[in-house]
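Here's a quick briefing to read with the model open. Take a look at the fold first, then work through the topics below.

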Amino acid sequence: MKRRPKPVPVDLQQFDSAGPYQQNRLLLEWLSDDISRKDLFNATDKRGGVLEFPSLARDEEPPQLPRLAPDTGFRDAYLVTGAGAVDEVLRNPGSFSNSPYGAIGSGSFMLALDPAGARADRRLLQGEAARRVFACDPGDDQHPGEVGLLADHAFKAVLPTALARSDFDLAALAEEAALRFCSALFGYAAGDFPLLSDALPKGYQALNHQILGRHFMADPLVLPTADAALGRVLARTAELIDAYQLNRKDWPEDLEPRGGDLPWVEPVLKRLANDPGELTGEERALLAVGSLVGTVGNVQASVCIAIDGLLNGPAGDLQAAIKSAHGDGRVLWAQLAAALRDNPPVAFVPRRALAASQLGGVPIPADAQCIVAVGGATRHARDGPITAIFGEYPGHGGHPDHGVHACLGRILAEPLVRRICVGVLRLPSLAQVLDLVDGLPRRLEKQWGFRCLRQPLRHRRDLRITQQSLNVVMRIKTPTSANAEALRAVIRFGAPRIEAVLRESRHVHFAWFQFIDNDTRLVLHTVFDGDFNAYLQHFALVVGDVFDRLFRYIEGAPPLPVSDFPNEFVATIRAFHQPPAADFFFSAYPQAESASIRRWTEAQP
């Protein structure tokens, strides 16, 4: 594992004196680190809240801005970080275009259409439809509405696999919960989940690339890959909208729209199908898919950033959050929102200047590309609503999208973010995984400073479910037929000894051997309580002679006798172990240890 680099100190004088390539690299490093990014915003405030920098992003066709001289491949772009400058850009859609979003998909979804542009009427229609179809009842902590119940359903659905081990990835957990939530809320079929889980993260990656990544690196595959995946979702979405309009009944079982298992959910696609607005079928599908991409990505980022902030903030804040997670959810949301003010998941938005202007006293030429750092404004917002975490910030209420963003954020994303955070904070002994190199806690891993990739955490799995399985798959030496027979004899002869040791250990629930693949492999299955290594060390010491005879016929056996090489025995068994598919392991009595069950049964008359 690579040692984590230290943040590069922010020095704008060093930046000014560097060449274009060095400036580009410096800015990327500063933006990619949470501490450096705050320092950068503070330093840029002294320059009017705007920083001119060399960008690798291609200009839109037409027009073309001149390259920097001498010809380096870079063009001037502008990072807007000051609260006043951010407010000016976002309050003036007639001066700053949304067109950078147009490279994603068809470019006709709501986010890519300018509120004051040639297709403003289509954007307005999509916005009005969004306000209608997302008018769900979020309820409250005591009486959760439709969305709150669905958020609870989605979070619980990920637990069997996401928390199957003590170590888990919060980024993966949050993303899957958001995918399940959106799949059910919108009314997709169970068979659509692989399609959504493939396409929506790719769409969010393309969104992040178009917002920020393209200014610092060339990736010719990210947009076409996302377009192809989102195109398949768009086609399926349009099909489902038609099906809801026609009340179709002849679907294959795995492609039938959801509804039967969640009768209290009125699917968004059904609402879109029956919406009286003037949107075309394609526009309705585009509205749904665009909302899906943003919701899944923003929920995942919000959860990761908020939990990371609590884990790495003052210890008292974490303990207070854990206490709130078991009590008043409103107090917890205030704590989560405070972490998200400084580091909002919607960290940047792209804009293109439609005319020459000035921001913070810095001249901005027509057609210049701008990166608007929303976090530069929210860091000053200590009070007031925290709608910024879903794409707004205090003072942004005059924007034409205010109602749409508020709807998607407050009604859809916020209840799910809260539910995931509550569930995670309730996990026993929640902690960060330590880095194997420097022994420090591993932090949230992000790309470009805001796309969440991984967040390694751990919890006391044994306090949630005491049992775990061991499935040791061993290849039999050739000649396999003769050796398989010899193994059967060893197992038959050793069965009484193995059973006595298992019974005496009092931490094994079940155990059995199985021959598979035409008797070419032997599998040992057990279900046991406690630590994996301790369990195997126990058997190496007390029943090692039986394994000595078994391993004579197994390829890749450890050094023998097993009792003299217990660590090598454990390493070999670990290498041969095959975890359950998708880490799914069901227990009807997750808190019951074998010893407790034995004591209860032995006490019966």
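Two strands count as paired if DSSP finds at least two bridges between them. With that in hand, Glu52 stands opposite Tyr78 in E2. Keep in mind that this is a predicted model. The protein chain holds 20 helices and 15 strands, and 51% of its 605 residues count as buried. As for contacts in the protein chain with a separation of 6 or more, 72% of them come from residues 24 or more positions apart.

**The mixed sheet and its helices**

- An open sheet is built from 5 strands, running in the order E1-E2-E8-E5-E3, and its pairing is mixed.
- The edges are E1 and strand E3 (96-97), each of which pairs on one side only.
- E1 and E2 are antiparallel partners, with 6 bridges between them.
- H2 packs on this sheet and touches E1, E2 and E5, with its direction at about 120° to that of E1.
- Helix H4 (residues 83-91) packs on the sheet as well, where it touches E1, E2, E3, E5 and strand E8 (369-373). The direction of H4 makes about 120° with that of E8.

**A closer look at H2**

- How far apart are the end C-alpha atoms of helix H2 (residues 20-32)? They are 18 Å apart, and that agrees with the 18 Å that 13 residues should span at 1.5 Å a residue.
- Which residues of H2 are buried? They are Gln23, Asn24, Leu26, Leu27, Leu28, Trp30 and Leu31.

**Helix H11**

- Helix H11 (residues 281-311) has 31 residues and reaches 45 Å from its first C-alpha to its last, close to the 45 Å expected at 1.5 Å a residue.
- Of the 31 residues of H11, 27 are buried, so this helix is largely enclosed by the rest of the structure.

**The antiparallel sheet**

- A further open sheet has 3 strands in the order E4-E12-E9, with antiparallel pairing.
- Its edge strands are E4 (167-169) and E9 (431-432), each pairing on one side only.
- E4 and E12 pair in the antiparallel sense over 3 bridges.
- Across that pairing, Asp169 stands opposite Pro456 in E12.

**Aromatic pairs**

- The structure holds 7 aromatic pairs.
- One of them is stacked: the rings of Phe528 and Tyr535 have their centres 3.9 Å apart and their planes at 10°, and planes under 30 degrees apart count as stacked.
- Both partners are tucked away, since buried means under 20% relative accessible area: Phe528 has 0% and Tyr535 has 4%.
- Why is the pair of Phe551 and Phe569 edge-to-face? The planes of these rings are at 75°, with the centres 6.2 Å apart, and planes over 60 degrees apart count as edge-to-face.
- This pair links distant parts of the chain, with Phe551 in helix H18 (residues 544-551) and Phe569 in helix H19 (residues 566-576), 18 residues apart.
- Phe551 is buried at 2% relative accessibility, and Phe569 is buried at 1%.
- Ring pairs also bring in Phe547, so that Phe547, Phe551 and Phe569 form a cluster.

**Arginines over rings**

- Arg180 lies over the face of Phe193, at 5.2 Å from the ring centre.
- Arg488 has its charged end over the ring of Phe515, 4.2 Å from the centre.

- Where does Arg464 lie? Look in the loop between strand E12 (456-458) and strand E13 (467-475).
- Is Arg464 buried or partly exposed? At 26% relative accessibility, Arg464 counts as partly exposed.
- Leaving out residues up to four places away in sequence, Arg464 touches Leu159, Leu163, Leu427, Pro428, His459, Pro590 and Gln591.

Terms used: Residues are numbered from 1 along each chain as its sequence is written. This is a predicted model: local features need pLDDT of at least 70, side-chain atom pairs count only at pLDDT 80 or more; totals for chains, interfaces and linings use all residues. Side-chain values use heavy atoms; hydrogens and water are left out. Helices (H or I, at least four residues) and strands (E, at least two) are DSSP runs, numbered from the N terminus. The expected span of a helix is 1.5 Å times one less than its number of residues. Buried means under 20% relative accessible area, exposed over 50%, partly exposed in between (1.4 Å probe, protein chains only). Contact means heavy atoms within 4.5 Å. Axes are lines fitted to C-alpha atoms, for helices over the stretch in contact, and angles run from 0 to 180 degrees between N-to-C directions. Rings of Phe, Tyr and Trp (its six-membered ring) pair if their centres lie within 6.5 Å; planes under 30 degrees apart count as stacked, over 60 as edge-to-face and the rest as tilted. A charge sits over a ring if NZ of Lys or CZ of Arg is within 6 Å of the ring centre and within 35 degrees of the ring normal.
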